[in-house]
Amino acid sequence: MPPTAPPQFETRQRIASHSDTWYQIIQKLGQGGNSHVYLVLALSGQYRGLLFALKLFVKVTDATRLNRFKREVEFLRKFSHPAIMRIYDEGEVVTSGLSQVTFPFVIAEYLPSTLHDAMLSGLTMTEKLSYVMQLLSALLYLDSQTPKIIHRDIKPENIFIRGRASILGDFGLMKLIDLGSERTEASDDKGFVIESTGPRLPRFYRSPDLVDYCRGKSDLTTKSDVFQLGLVFTTMFTGSNPLKPCAKILDPVELDSIQTFLGSQSSAICSLLKTMLGIDPLTRPSPEALLDSWEGIYREVISLSLSLEGRVF
């Protein structure tokens, strides 16, 4: 086995974390370029009997990606917001043999369903608006931190659904903003963004700000997340992503018109979506202002649901 090959956990295998909590592997859930994810059962500690997702980081020889993973863990352990994914524990696995390699892992909430899945199965207007409010609340929380935090990778696949709750996850590309200079911390320079594999931004949920930032034309602000969330909301309400396909990832961002949809609040919703999708970030509302506007629509829909059906969900 090559010295950098990640360990392959077997079903029923037991793993201990830094907190001396034992977890048992139930099954492998999947893997991406940076991590392998397993479903595990807590065998000890205060959460004994609960299911979690174990995320094993595998790109340990890539210093940039490893530092990004460690930083994500550090900040998620500090976060305390219901609409932001929570990390409960962490640890590491050391391979055996002459060349020992350490692979870090985290224990996170087990959230098997994403907003992408939920949109495919169908959502009511009340459910959509409920998710909108929660995700804007998460954005406001990130915007209120010192330093401010930009997610940079908001898309339906990185938003998880648990019952009526929507939870923003995968902070691997997050960026920190210094309030005084609007510059990032030293570890997050242009090399952090553009790697040998190309610019790190979601092809189908790009913001004009992200493209300009990757081209070195401007700094990035939290308004980039507003734009990405606007693309997500537009896709959720209309069934169509207004972002025009691009030949190259750093091509200028162009939008199609927002498609109309049925409902008493469709006009007001489309108007808000347009403000979130302003090409100039200065024209986009803040998360707090957006919460105020969307809350009015949410209340109207709740009142209508109660009057017609006697219930909201």
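Ala, Val, Leu, Ile, Met, Phe, Trp, Tyr, Cys and Pro count as nonpolar, Asp, Glu, Lys and Arg as charged, and the others, Gly among them, as polar. The model is predicted, local features need pLDDT of at least 70, side-chain atom pairs count only at pLDDT 80 or more, and totals for chains, interfaces and linings use all residues. Residues are numbered from 1 along each chain as its sequence is written, and side-chain values use heavy atoms, with hydrogens and water left out.

**Exercise 1.** Find which residues line the largest cavity and sort them by class.

Solution.
- A cavity is a set of points, on a 1 Å grid over the protein atoms alone, where a 1.4 Å probe fits but cannot get out; lining residues have an atom within 4 Å of a point.
- Grid points are joined across faces, edges and corners, and the volume is the space filled by probe spheres set on the points.
- The structure has one cavity of 30 Å³ or more, and the volume of the largest cavity is about 30 Å³.
- Its lining consists of L139, L142, D143, I149, T222, D225 and P287.
- By class, four of these are nonpolar, one is polar and two are charged.
- Helix α3 (residues 125-143) gives the largest share of the lining, three residues; helices (H or I, at least four residues) and strands (E, at least two) are DSSP runs, numbered from the N terminus.

**Exercise 2.** Describe the aromatic pair of Y47 and Y88.

Solution.
- Rings of Phe, Tyr and Trp (its six-membered ring) pair if their centres lie within 6.5 Å; planes under 30 degrees apart count as stacked, over 60 as edge-to-face and the rest as tilted.
- The structure holds 11 aromatic pairs.
- In one of them, Y47 and Y88 are 5.2 Å apart centre to centre, with 80 degrees between the planes, which is edge-to-face.
- Y47 is in the loop between β3 (35-42) and β4 (51-57) and Y88 in strand β5 (residues 87-94), so the pair ties together parts 41 residues apart in sequence.
- Y47 is partly exposed at 26% relative accessibility, and Y88 is partly exposed at 23%; buried means under 20% relative accessible area, exposed over 50%, partly exposed in between (1.4 Å probe, protein chains only).

**Exercise 3.** Is helix α6 enclosed or exposed?

Solution.
- 16 of the 16 residues of α6 are buried, so this helix is largely enclosed by the rest of the structure.
- After α6 comes G239, with a positive phi near 85 degrees.

Conventions:
On a 1 Å grid over the protein atoms alone, a cavity is a set of points where a 1.4 Å probe fits but cannot get out, and a pocket is an open set with protein on both sides within 12 Å along at least five of seven lines; lining residues have an atom within 4 Å of a point.
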